[in-house]
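Here is a short note to read beside the model. Keep the viewer open and check each point as you go.

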Amino acid sequence: MIDWFAFLQVFVAAIIAATIVVTFYAVGLRLLVRSGHAPVVAPAEFTDAIAVISEKERRRAAKAAAKAAKKSPLTVGQKRFALVGAYAAFSVSGLAVLGGLLLILFNH
């Protein structure tokens, strides 16, 4: 016999948790960029990679990010506030993941 109510509870909890994690991570990235700390990923070599950026492209992206950071209309205080907000949003996202893991591990 399938407990459909328990299935519905797990489904709703998963949807809510996924929404929280993705939303706060996206907000964190947005605030990180607004604070002038755009993440630039170093080139990676994978055996089955579809697209790998070259060192030249990575330098160009880093230069564009630095140029965009200089053009930012935000004051130093606003940038600092955005950076703190980004770290807070990443923390909420991480805590949601950690909370889910703790529920899985210790709620049996």
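Is Phe 90 buried, partly exposed or exposed? Phe 90 is partly exposed, with a relative accessible area of 22%. Buried means under 20%, exposed over 50% and partly exposed in between, using a 1.4 Å probe and protein chains only.

1. Ground rules. This is a predicted model: local features need pLDDT of at least 70, side-chain atom pairs need pLDDT 80 or more, and totals for chains, interfaces and linings use all residues. Residues are numbered from 1 along each chain as its sequence is written, and side-chain values use heavy atoms, without hydrogens and water.

2. Aromatic pairs. The structure holds two. Rings of Phe, Tyr and Trp (its six-membered ring) pair if their centres lie within 6.5 Å; planes under 30 degrees apart are stacked, over 60 edge-to-face, the rest tilted.

3. Trp 4 and Phe 7. The ring centres of Trp 4 and Phe 7 are 5.8 Å apart and the planes are at 80°, so this pair is edge-to-face. Both residues lie in helix α1, three residues apart, about one turn of the helix. Helices are DSSP runs (H or I, at least four residues), numbered from the N terminus. Trp 4 is exposed at 57% relative accessibility. Phe 7 is exposed too, at 51%.

4. Tyr 25 and Phe 90. Here the ring centres of Tyr 25 and Phe 90 are 5.3 Å apart and the planes are at 55°, so the pair is tilted. The pair links distant parts of the chain: Tyr 25 sits in helix α1 and Phe 90 in helix α3, 65 residues apart. Tyr 25 is partly exposed, at 43%.

Key: Helix = DSSP H or I, 4+ residues; strand = E, 2+ residues; numbered from the N terminus.
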